[in-house]
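Here is a short briefing for a reader who is new to this structure. Look over the sequence and the model, then read on by topic.

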Amino acid sequence: MASTSEKATPLFPEASISASATAASREVWTPADHAEIPQPKQPSPSSVKAIVESSAPASASKGTGLPLPSMSRAQTRHPLDPLTAAEISVAVATVRAAGATPEVRDSMRFIEVGLVEPPKNVVALADAYFFPPFQPSLLPRTKGGPAIPSKLPPRQARLVVYNKKSNATSIWIVELSEVHAVTRGGHHRGKVISSTIVPNVQPPMEFPAFREAMKKRGIADMDLVMVDPWCVGYYGEADAPNRRLAKPLIFCRTESDCPMENGYARPVEGIHVLVDMQNMVVLEFEDRRLVPLPPPDPLRNYTAGETQGGVDRSDVKPIHIIQPEGPSFRVDGHFVQWQKWNFRIGFTPREGLVIYSVAYVDGSRGRRPVAHRLSFVEMVVPYGDPNDPHYRKNAFDAGEDGLGKNAHSLKKGCDCLGYIKYFDAHFTNFTGGVETIENCVCLHEEDHGILWKHQDWRTGLAEVRRSRRLTVSFICTVANYEYGFFWHFNQDGKIEAEVKLTGILSLGALQPGEVRKYGTTVAPGLYAPVHQHFFVARMDMAVDCKPGGTHNQVVEVNVIVEEPGDDNVHSNAFYAEEKLLKTELEAMRDCNPSTARHWIVRNTRAVNRTGQLTGYKLVPGSNCQRLARPEAKFLRRAAFLKHNLWVTPYSHDEKFPGGEFPNQNPGVGEGLATWVKENRPLEETDIVLWYVFGVTHVPRLEDWPVMPVEHIGFTLMPHGFFNCSPAIDVPPSLCDSDVKENGMITKPCHNGLVAKL
């Protein structure tokens, strides 16, 4: 992923530490139109070494015998930056060149190319001396900790490759040695570190065009046919991964000359199709049940002028979001600083947006880490209709399709509003070429209503502060549905995770006069099955911990009603009860609104001014439990849906709750439900939270033809992390009623105060 830049200026003076090594290649984005923003002075390269030496921690001093980090000119990209287009090209070329024969090379299909995220101690070194935030204190000061290298290792790419001829899936690790040479038209090379064939799996699905005729359905114009290839899932040995299979859903548009015709309004039902995606042949084609095409619905389309009545509203006045002095955030490459927050933006083909190294600058306590990595790692959409083909609709939209690969370019003024900073994303296509999604990730500020307020009723004087938040987001389209994924950073220390669901319902056709209890009829002959959407957020927490720190624990909090007796003579007593989750099996938990259940990640070594351990709590939003019975076949791959919360100690290989390859996978012995059987201790370790949240969707007529956005999510909220409200120092906003005299803001005296005086 690349960032679009307007002007190159350093983020802050400390950038001088790596200025000589990286200034030519790292973008720094600031509001370019406003001369009043100070431009930090660049020190001479000769001062760099002195700055590093003076800021080095004790563990890097000469007295310890450890060398100072090498300021190698090759370190031009942060270890967590997404792969560039040039790096992807080098990785693909390296793997292709390693093929034993031309036949093997020609059969390679590149499913996914992503960054190999380095160990946390490498990230610590990079953030200490080479890249913002330039914080040497991130390095461990005690002997016996993880070894800190004296220079950053080369970046690596991880490739998932499918061999079309042999039906084999392999994983390659490539060291990216001289990627920079590609941009100059010179030679390039990478180094194959390892290649491993993964048996009995199928990688995420790609979408070639459907080639089988449907003329016997009475559809003469084949240009009207729409095909959504769906992964077959795993329902028995016939779905085993020795073949690469798809069961497409078929639709028929009404008009061929309308580019935005809603083809999902006419599902073709009753046809069973099984496609061999490896050899591109139709294995099975059977017209099992004749279901008439639904008649064209006059309310099916959603483009301007095509809605109900053919006339759009005329009383919508413009709203303009302007920031005459530019935004409050600043961006250096993929490093973002806003208010007291700072973090890094990443992007992967599977997860989409990733937030790294989240920290809060807290006055004299300095930069305090909150989380090492935040992302949405999986989502599952099970349908509740037992009829074919709906019972097979159990899409793993991240693991089978890829949220990042299905992201799209965001449109200013619609998807994002205000002063926008965009980031591009780069992917490989099936044949190994590089494709770029411009404006894939949006970064902007939002007004968010009232932050806090109090009026003294005795004097009539009031203090009120407006809230603003920094939002990072991307949106993907998976067939008929759209999903927007948002991380909101607030001035009061909260981090809000939000998913916005919209798009077109996945529909079925009905026989004349038929009514199904497993869905809602939305138009004549057309119905929408009931279904659920589940999302899994993986949060590698680091509350007051340096990278790789092991001083976090999780406690569960429930509000308990006091039993009648001497302690509750007025029958009004209740209190919060805490329980330490000591092991993985103890930490398989569910939401409980009746006890206001939430969970706190605490640092076992850091305290606030009252002596309590500092922490951040996970506060659930609206949520639901899975409704499929325990025997449901798809739950073998989605065993993580059994609970809302799972907690594990950090392990580099444990990234995806359903395993890396859920496509056509029986799900035995893989994923989150298997890992926790080790029952590893959690009392003081590097904590990872897995939060499962979802919504049960009983469709309405109002969800047709495009569903209005539905919001779900959760909040990470400081709990004893600060000594008081971190939002208390937010300055007042200048209102229309304020009077500005000599640069000072004065407020007119309230009538209530005059009357009292």
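**The open sheet and its helix**

Strands β17 and β18 pair in the antiparallel sense over seven bridges. This is a predicted model, in which local features need pLDDT of at least 70 and side-chain atom pairs count only at pLDDT 80 or more, while totals for chains, interfaces and linings use all residues. Residues are numbered from 1 along each chain as its sequence is written, and side-chain values use heavy atoms, with hydrogens and water left out.

Two strands pair if DSSP finds at least two bridges between them. Helices (H or I, at least four residues) and strands (E, at least two) are DSSP runs, numbered from the N terminus.

- Phenylalanine 427 stands opposite glutamate 435 in β18.
- Helix α3 packs on the sheet and touches β17 and β18. The direction of α3 makes about 10 degrees with that of β17. Axes are lines fitted to C-alpha atoms, for helices over the stretch in contact, and angles run from 0 to 180 degrees between N-to-C directions.
- The open sheet has 10 strands, in the order β17-β18-β19-β20-β21-β32-β29-β28-β26-β27, with antiparallel pairing.
- β17 and β27 (574-580) are the edge strands, and each pairs on one side only.
- Neighbouring strands of this sheet are turned by 25 degrees against each other on average, direction ignored.

**Helix α3**

- Helix α3 covers residues 85-97. At 1.5 Å a residue, its 13 residues should span 18 Å, and the end C-alpha atoms are 18 Å apart, which agrees. The expected span is 1.5 Å times one less than the number of residues.
- The buried residues of α3 are Ala86, Glu87, Ile88, Val90, Ala91, Val92, Thr94 and Val95. Buried means under 20% relative accessible area, exposed over 50%, and partly exposed in between (1.4 Å probe, protein chains only).
- Elements that cover these buried residues include β2 (108-115), β3 (156-163), β4 (168-176) and β5 (190-198). β17 (421-428) and β18 (434-455) are also among them. Contact means heavy atoms within 4.5 Å.

**Two hairpins in a row**

- Strands β11 (residues 330-332) and β12 (residues 335-338) run antiparallel and are joined by three bridges. Valine 331 has valine 336 in β12 as its bridge partner.
- The hairpin of β11 and β12 has two residues between the strands, and glycine 333 takes a positive phi near 65 degrees there.
- β12 also pairs with β13 (residues 341-348), in the antiparallel sense, over four bridges. Glutamine 337 stands opposite asparagine 342 in β13.
- The hairpin of β12 and β13 has two residues between the strands, and glutamine 339 takes a positive phi near 50 degrees there.

**Aromatic rings**

- The whole structure holds 23 aromatic pairs. Rings of Phe, Tyr and Trp (its six-membered ring) pair if their centres lie within 6.5 Å; planes under 30 degrees apart count as stacked, over 60 as edge-to-face and the rest as tilted.
- The ring centres of phenylalanine 251 and tyrosine 264 are 4.9 Å apart and the planes stand at 75 degrees, so the pair is edge-to-face.
- Phenylalanine 251 lies in β7 (residues 245-252) and tyrosine 264 in the loop between β7 and β8 (267-268), so the pair ties together parts that are 13 residues apart in sequence.
- Phenylalanine 251 is buried at 3% relative accessible area, and tyrosine 264 is buried at 12%.
- Tyrosine 483 and phenylalanine 535 also form an edge-to-face pair, 5.8 Å centre to centre with 75 degrees between the planes.
- Tyrosine 483 lies in β20 (residues 481-490) and phenylalanine 535 in β25 (residues 531-541), so this pair ties together parts 52 residues apart in sequence. Both residues are buried.
- Ring pairs link a cluster that includes Phe347, Phe427, Tyr483, Trp487, Phe535 and Phe714.

- A cis peptide bond joins aspartate 388 and proline 389, with omega about 5 degrees. Proline 389 is in the loop between β15 (367-382) and β16 (394-396).
- Another cis peptide bond joins tryptophan 704 and proline 705, with omega about 5 degrees. Proline 705 lies in the loop between β31 (687-697) and β32 (707-718).
- Alanine 479 is not a glycine, yet has a positive phi of about 60 degrees. At 34% relative accessibility, alanine 479 counts as partly exposed.
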